[in-house]
There are 2 protein chains.
Amino acid sequence: MEYDTLISNGLLLTMEEGLPVIEAGAVLIKDGIIEACGRTTEFSRVNVKTRIPADRKIILPGLINCHTHLPMSMFRGLADDLPLDVWLNDHIFPAEAKHINPESVEKWSRHSCMEMLLSGTTTCCDGYFYEASVAKAVMASGIRVVTGQGVIDFPAPGVPDPRQNIQTAIDFVEQFKDVSPRLYPSIFCHSPYTCSKETLVAAKQSAHSLGVLFQIHAAETKNEKKMVQGIGKMSIVEYLESIGILDEKTLLVHSVWIDDQDIDRIKKNNAAVAHCPESNMKLASGIAPIPRLIEKGVSVGLGTDGCASNNDHDLFAEMDTAAKLHKVALLDPCVMDARTTLKTATIQGAKAIGLGHVTGSLEKGKRADLILVDRDKPHMIPMYDPYSSLVYSAKASDVSLVMVDGIVLVRQGIVL
Amino acid sequence: MEYDTLISNGLLLTMEEGLPVIEAGAVLIKDGIIEACGRTTEFSRVNVKTRIPADRKIILPGLINCHTHLPMSMFRGLADDLPLDVWLNDHIFPAEAKHINPESVEKWSRHSCMEMLLSGTTTCCDGYFYEASVAKAVMASGIRVVTGQGVIDFPAPGVPDPRQNIQTAIDFVEQFKDVSPRLYPSIFCHSPYTCSKETLVAAKQSAHSLGVLFQIHAAETKNEKKMVQGIGKMSIVEYLESIGILDEKTLLVHSVWIDDQDIDRIKKNNAAVAHCPESNMKLASGIAPIPRLIEKGVSVGLGTDGCASNNDHDLFAEMDTAAKLHKVALLDPCVMDARTTLKTATIQGAKAIGLGHVTGSLEKGKRADLILVDRDKPHMIPMYDPYSSLVYSAKASDVSLVMVDGIVLVRQGIVL
């Protein structure tokens with residue numbers, strides 16, 4: 001039997017149950033699939049086409065970015081340090097109206113994919129308009145992606161008539177359902193305040209029938225509740241539960257303004273949460289109760305959000321921020337420890353977007369999505385605990401190799 | 001007249017009053033001093049030995065790290081995600097007792113200098129024990145530094161008898177006062193809870209007589225007040241003011257638990273503050289009222305703190321975090337805008353440590369401490385506003401050249 005690739009002699013963090021740390025570890029790959037993980041000595045006799053030495057490197061699963069708007073890299077830094085309504089109404093919405101078209105969406109999605117790959121992200125979960133153009137860019141890049149066609153009750157780029165918003169999303173999902181094994185189409189309702197109850201229900205039912213992930217920004221800002229018609233005294237999460245939106249194929253993005261009862265509702269329905277700490281900080285939205293969600297067993301993944309509100313796709317920086325933010329918010333240095341944080345950017349992120357069986361950890365049978373991280377940069381020395389080093393010290397620029405589906409996409413900081 | 005160096009054709013941010021942005025800007029240098037800044041075309045006829053093209057680069061002052069414990073890079077990641085007392089008493093203090101000696105201090109200070117230089121820091125303000133060894137390492141590295149010999153009322157590394165703590169600090173200052181134009185010795189009292197009133201007063205008086213900066217950790221944690229003997233009902237800052245510690249040559253490190261009256265006291269006495277947001281977050285100390293301090297006119301500089309509580313010396317990450325943290329803390333996206341934040345890491349930082357006349361901005365007569373930042377990485381594109389790009393998008397790894405005193409110390413990511 002001839003295998004395709006053996007990555008050997010790295011410090012291997014598989015991120016599987018129990019979080020084993022394997023010194024001089026190796027990953028054996030065939031047809032884009034992980035055949036085995038273990039100590040390098042176990043593979044001394046295997047017959048492989050390509051050997052990738054990982055001496056002085058950490059081998060870990062590629063990072064999962066659970067919330068992006070890839071084309072928005074075109075607006076990176078366009079309008080910072082502004083009140084949310086001024087930012088949206090005076091800058092982002094007009095810029096979108098003027099500059100968003102299928103070509104620009106494809107171009108800047110490609111740009112974002114390059115940025116994500118260079119910083120060690122192998123999977124992202126996106127939501128925007130002209131999502132077919134995003135899908136094209138993503139397929140060309142080699143990255144793995146959940147692509148959500150946007151649904152909103154206003155005229156939107158590519159959907160001038162909002163009465164067509166759900167049908168457009170259904171058409172998108174059907175068009176891309178079997179196009180690529182790395183592409184998972186989805187439906188992305190913008191929010192409970194920009195989609196009516198009828199829209200939300202119809203969109204969720206469509207996602208359910210099609211068997212795809214349903215994404216929605218939910219409870220992002222303190223004022224959001226006031227903008228939702230018909231919500232009465234319910235909380236945002238309670239409202240979404242009451243109309244049947246919450247289930248194991250729903251991803252709630254942000255979930256900042258939720259209480260303990262909301263957390264119980266999310267858990268009870270097996271919905272997941274995408275946590276975007278840097279965006280929530282920069283837009284002054286608030287601090288999501290992430291340690292409590294994780295404690296209750298909710299799948300929480302990490303996301304950068306779009307580049308207009310971050311302003312990058314760097315999950316290493318996002319991990320560092322997430323780990324520190326919750327400590328200071330709760331005045332407890334023990335919460336969001338390095339292991340928990342790295343899980344949100346790998347296996348828990350994969351689970352949150354419905355790809356826990358495909359990626360997010362290095363285990364036999366999963367797709368070979370992995371990265372190598374350099375241990376020799378001054379800021380990575382010394383290393384007492386690789387989890388601490390990855391979360392608190394590692395930089396995006398330490399990623400020396402990126403593989404998706406067994407294919408090397410980045411080597412020595414260069415997109416191949 | 002022959003000049004030494006002309007750096008030309010970069011996007012020049014001088015960080016001087018008014019924050020001019022000069023397209024195709026240039027910096028002319030002779031004998032380590034800035035002779036002129038302006039548009040490149042103004043220097044077309046000058047006679048220079050070395051020309052450094054800065055096309056597609058931002059030219060800005062080298063960053064100022066206002067609070068470090070350089071040797072502590074040896075404990076980077078040693079003990080994370082722990083309660084403060086467990087971290088200190090069970091890990092850091094025993095590790096210091098075992099591993100701190102003049103050789104280890106020098107070795108790891110060199111390591112920290114390398115890390116700082118690679119990430120664009122040209123000046124730091126340090127405080128530790130065996131500070132003579134820190135000074136040696138720093139002089140070898142070429143970086144600019146304020147070095148504070150530690151004073152504490154317990155046996156400490158190199159000062160087994162605490163009755164000698166102030167004399168040791170005085171000896172250190174006298175020994176290093178005129179050793180190097182890049183070295184500024186200082187006295188660093190650990191804190192109001194580890195130094196008695198008598199020690200604080202005597203140390204400050206010594207610093208005053210010697211004309212050097214006095215540094216002290218102050219109001220870092222909520223519980224600190226309870227540990228200060230004889231403070232009564234006073235706040236930490238009120239106590240320090242009452243015993244004559246606050247003046248224009250005092251740097252208060254952290255200043256997390258201070259109220260509006262304390263801010264007025266700091267301002268009235270022209271004392272400065274070193275803000276270490278990532279350390280304060282990671283140790284769950286709290287969030288310092290930095291926007292209020294800046295609004296009141298206090299000089300606030302940015303610091304990383306030691307590597308055991310951050311875990312790196314990366315001021316680009318620190319700027320990003322600082323800008324975002326205060327927004328979410330105050331639920332106001334307008335505070336700590338990019339310009340204000342970059343000032344804390346440059347000119348305001350220089351002022352806070354008493355070097356505002358030497359470094360921190362690119363102006364005729366100041367030392368030539370500057371960096372070039374690459375604009376061509378995907379995460380730096382597009383660029384609508386260079387301040388936003390530097391604070392919210394730039395990474396330490398984007399620094400392509402570092403100069404201190406007119407000497408190039410880093411080029412293309414390599415310490416020369």
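**Close-up views of a predicted two-chain model**

**View 1. The open sheet of chain A.** In this predicted model, eight strands of chain A form an open sheet with parallel pairing, in the order β6-β7-β8-β9-β10-β11-β12-β13, where two strands pair if DSSP finds at least two bridges between them, and where helices (H or I, at least four residues) and strands (E, at least two) are DSSP runs numbered from the N terminus. The edges are taken by β6 (63-68) and β13 (300-302) of chain A, each of which pairs on one side only. Averaged over the sheet and with direction ignored, neighbouring strands are turned by 25 degrees against each other; axes here are lines fitted to C-alpha atoms, for helices over the stretch in contact, and angles run from 0 to 180 degrees between N-to-C directions. Residues are numbered from 1 along each chain as its sequence is written, while chains are lettered from A and ligands numbered from 1 in the order in which they are written. Because the model is predicted, local features need pLDDT of at least 70 and side-chain atom pairs count only at pLDDT 80 or more, whereas totals for chains, interfaces and linings use all residues.

**View 2. Strand pairing and a covering helix in chain A.** Strand β10 (residues 214-218) of chain A runs parallel to strand β11 (residues 250-254) of chain A, and five bridges join the two. Within this pair, Gln215(A) stands opposite Leu251(A) in β11(A). Helix α4 (residues 165-176) of chain A lies across β8 (144-151) and β9 (183-189) of chain A, running at about 160 degrees to β8(A).

**View 3. The open sheet of chain B.** Chain B also holds an open sheet of eight strands with parallel pairing, ordered β6-β7-β8-β9-β10-β11-β12-β13. Since β6 (63-68) and β13 (300-302) of chain B stand at the edges with a single partner strand each, one side of each is left without a neighbour in the sheet. Three bridges connect β11 (residues 250-254) of chain B with the parallel strand β12 (residues 272-275) of chain B, and Leu251(B) faces Ala272(B) of β12(B) as its opposite residue. Helix α4 (residues 165-176) of chain B lies across β8 (144-151) and β9 (183-189) of chain B, at about 160 degrees to β8(B).

**View 4. Packing of α2(A) against α3(A).** Helix α2 (residues 102-118) and helix α3 (residues 131-141) of chain A pack at an angle of about 35 degrees, with their axes 8 Å apart. Their crossing is right-handed, a crossing being right-handed if the near helix is turned clockwise from the far one by less than a right angle, and left-handed if anticlockwise. Among the residues making the contact are Val105(A), Ser109(A) and Cys113(A) of α2(A), together with Val134(A), Ala137(A) and Ser141(A) of α3(A); two residues are in contact if their C-beta atoms, placed from the backbone, lie within 7 Å. The contact residues divide into nine nonpolar, three polar and three charged, with Ala, Val, Leu, Ile, Met, Phe, Trp, Tyr, Cys and Pro counted as nonpolar, Asp, Glu, Lys and Arg as charged, and the others, Gly among them, as polar.

**View 5. The two domains of chain A.** Chain A is assigned domain 1 (2-61 + 359-415) and domain 2 (63-352), with bounds that come from an automatic or database domain assignment. The C-alpha centres of these two domains of chain A lie 28 Å apart, and their contact takes 25 residues from domain 1 and 28 residues from domain 2. On the side of domain 1 that touches domain 2, two or more residues each come from α13, β15 (399-404) and β16 (407-411) of chain A, and α13(A) gives the largest share, five residues. This side of domain 1 has 17 nonpolar, five polar and three charged residues.

**View 6. The side of chain A that touches chain B.** Contacts link 51 residues of chain A with 50 residues of chain B. At least two residues of the chain A side are supplied by each of α2, α8 (277-282), α10 (315-330) and α13 (386-393) of chain A, and α10(A) gives the most, with seven residues.

**View 7. Backbone details in loops.** The peptide bond from Asn310(A) to Asn311(A) is cis, with omega near 15 degrees, and Asn311(A) sits in the loop between β13 and α10 of chain A. Asp405(B) has a positive phi, near 55 degrees, and belongs to the loop between β15 (399-404) and β16 (407-411) of chain B.
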